[in-house]
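User: I'm new to this structure and would like to know what the terms used for it rest on. Could you walk me through it?

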Amino acid sequence: MNTIVMQLETLSCPSCIRKIESAVSGLKGVSEVKVLFNASKVKTQVDESQVNAEQIQQTIENLGFKVLSTKAN
């Protein structure tokens with residue numbers, strides 16, 4: 001399992017957390033999603049043989065949120 005952390009533009013409402021967590025957790029290979037509202041970050045635990053950072057970013061951006069940067073460990 002690898003960790004991917006994405007920095008987003010400022011999140012404006014708590015319902016954003018549910019939207020992002022629901023959409024990203026539905027991707028095959030994502031085992032955990034945590035949205036850090038005050039830091040505007042999304043932290044995921046993933047199996048990179050099934051999903052990659054680009055797919056997660058596309059899912060988040062399809063919801064209307066802008067990803068500013070990505071870090072993978």
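**Strands, helices and their packing**

Analyst: Gladly! In β3, V46 is the bridge partner of V30. This is a predicted model, where local features need pLDDT of at least 70, side-chain atom pairs count only at pLDDT 80 or more, and totals for chains, interfaces and linings use all residues. Residues are numbered from 1 along each chain as its sequence is written, and side-chain values use heavy atoms, leaving out hydrogens and water.

User: How do you know that strand β2 and strand β3 pair?

Analyst: Pairing requires at least two bridges found by DSSP between two strands. Six bridges join β2 (residues 30-36) to β3 (residues 41-46), and the strands run antiparallel. Strands here are DSSP runs of E with at least two residues, and helices are runs of H or I with at least four, numbered from the N terminus.

User: What makes β2 and β4 edge strands?

Analyst: The open sheet has the order β2-β3-β1-β4. β2 and β4 (67-72) each have a single partner strand, so one side of each lacks a neighbour in the sheet.

User: Why is α1 called oblique to α2?

Analyst: The two helices pack at an angle of about 140 degrees. Angles run from 0 to 180 degrees between N-to-C directions, with axes fitted to C-alpha atoms, for helices over the stretch in contact. Under 35 degrees is roughly parallel, over 145 roughly antiparallel, 65 to 115 roughly perpendicular, and the rest oblique. That angle therefore makes α1 oblique to α2.

User: Which residues make the contact?

Analyst: I20, A23 and V24 of α1 meet I56, T59 and I60 of α2, where contact means heavy atoms within 4.5 Å.
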